[in-house]
Amino acid sequence: MANSPDVDEPTREYPAVPDQDATAAPTDVRRSGFARLLIFTGFVFALMVAACLGLRAINVLPTFDNPFSDQTVDRSQPVLLQSMRDLNRYVAADGTFQVIVDLQQDKENIPDFLVNRRTLFVGSGTVEAYVDFGALSGDALKIDETKKSIELTLPAPEQSTAALDMAKSYVVAEERGLFDRIGDAFGSEPNKQQRVYQLAQERITEAAKSSGMDQRARDNTQRMLESLFARLGYTTVTVTFANP
């Protein structure tokens, strides 16, 4: 069979396929370099923080206040002296008392869940027993220089009104009706607790009268006067208290 003449076949061109390894290598290198940079930066930052904390611990670096820290500004007015008086009292004894006040204020024929205010208050107060030397009459003191004796006639000991110690007094519980809660939400009355304080003060003052402080005040006053006049050379000191 005769050979056919050579015919040039057309040349086919194919799109070039990029080499995956050649393209991926630069990207991986960039990513790896960026990660190393981040790690290095983080390490340097941690090292700087540790160094600063160490220097602060040994008081080498100055301390810096928090710019957002809380601040308290006292704009109170100066204290004004309202009155002053001379006291001629000798406080011979005092007593500290505690009372529990359970005060309920409500309205008749209205349910408690609507109008009711019940306060459980623990009050602590002090009462003083004193002798008022300012009330002595002219013949209250009789002195016998020959016998080195003194006779004193003193008024009966008195008791002060109880002074509440607010640092040791506190409200244990408080119940309020619905209308009371609404009223408190729209307006505040600073004197709502005043009745509770007053009641605690009255009860402590009354309890002190039967506590025996009067007799202790008499005994302490007599011992004080005996010691005082004994230093002045008097051997006999007689103290008589008037009837209350």
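This briefing describes the fold of one protein chain and some of its side-chain contacts. The structure is a predicted model. The protein chain contains 4 helices and 8 strands, and buried residues account for 21% of its 244 residues. Of the contacts in the chain with a separation of 6 or more, 78% are made by residues 24 or more positions apart.

**Overall order of elements**

- Read from the N terminus, the elements follow the order α-β-β-β-β-β-β-β-α-α-α-β.
- The strands discussed below include S2, which spans residues 116-132, and S4, which spans residues 149-154.
- The helices discussed below include H3, made up of residues 194-209, and H4, made up of residues 213-231.

**The three-stranded sheet**

- Strands S3, S4 and S8 form an open sheet of 3 strands in the order S3-S4-S8, and the pairing is mixed.
- Strand S3 (141-144) and strand S8 (236-241) are the edge strands, each of them pairing on one side only.
- On average, neighbouring strands of this sheet are turned by 10 degrees against each other, direction ignored.
- Strands S4 and S8 run parallel and are joined by 6 bridges.
- Isoleucine 150 has valine 237 in S8 as its bridge partner, and threonine 153 has threonine 240 in S8 as its partner.
- The covered face of S8 carries Val237, Val239 and Phe241, while Thr236, Thr238 and Thr240 belong to the uncovered face.
- Helix H4 lies across S4 and S8, and its direction makes an angle of about 150 degrees with S8.

**Helix H3**

- Helix H3 has 16 residues and spans 23 Å from its first C-alpha to its last, which is close to the 22 Å expected at 1.5 Å a residue.
- The buried residues of H3 are Val196, Leu199, Ala200, Ile204, Thr205 and Ala208.
- In an α-helix there are 3.6 residues a turn, so residues three or four places apart point the same way.

- Serine 124 is located in strand S2 and counts as buried because its relative accessible area is 7%, under the 20% limit.
- Leaving aside residues up to four places away in sequence, serine 124 touches Thr96, Phe97, Gln98, Ala163, Leu164, Asp165, Lys168, Ser169 and Ile204.
- One of these contacts, Ile204, is among the buried residues of helix H3.

**Aromatic rings and charges**

- The structure has 3 aromatic pairs.
- In one of them, the rings of phenylalanine 121 and tyrosine 197 have centres 5.3 Å apart and planes at 55 degrees, so the pair counts as tilted.
- Arginine 89 places its charged end over the ring of tyrosine 130, at 4.0 Å from the ring's centre.
- Lysine 148 lies over the face of tyrosine 234, and the distance to the ring centre is 5.3 Å.

Methods
Residues numbered from 1 in each chain as written. Predicted model: local features only at pLDDT ≥ 70, side-chain atom pairs only at ≥ 80, totals over all residues. Heavy atoms only, no water. Helix = DSSP H or I, 4+ residues; strand = E, 2+ residues; numbered from the N terminus. Buried < 20%, exposed > 50% of the residue type's maximum accessible area, 1.4 Å probe, protein only. Contact = heavy atoms within 4.5 Å. Expected span 1.5 Å × (residues − 1). Pairing = 2+ DSSP bridges. Axes fitted to C-alpha atoms, helices over the stretch in contact; angles between N-to-C directions. Phe/Tyr/Trp six-rings, centres within 6.5 Å; stacked < 30°, edge-to-face > 60°. Lys NZ or Arg CZ within 6 Å of the ring centre and 35° of its normal.
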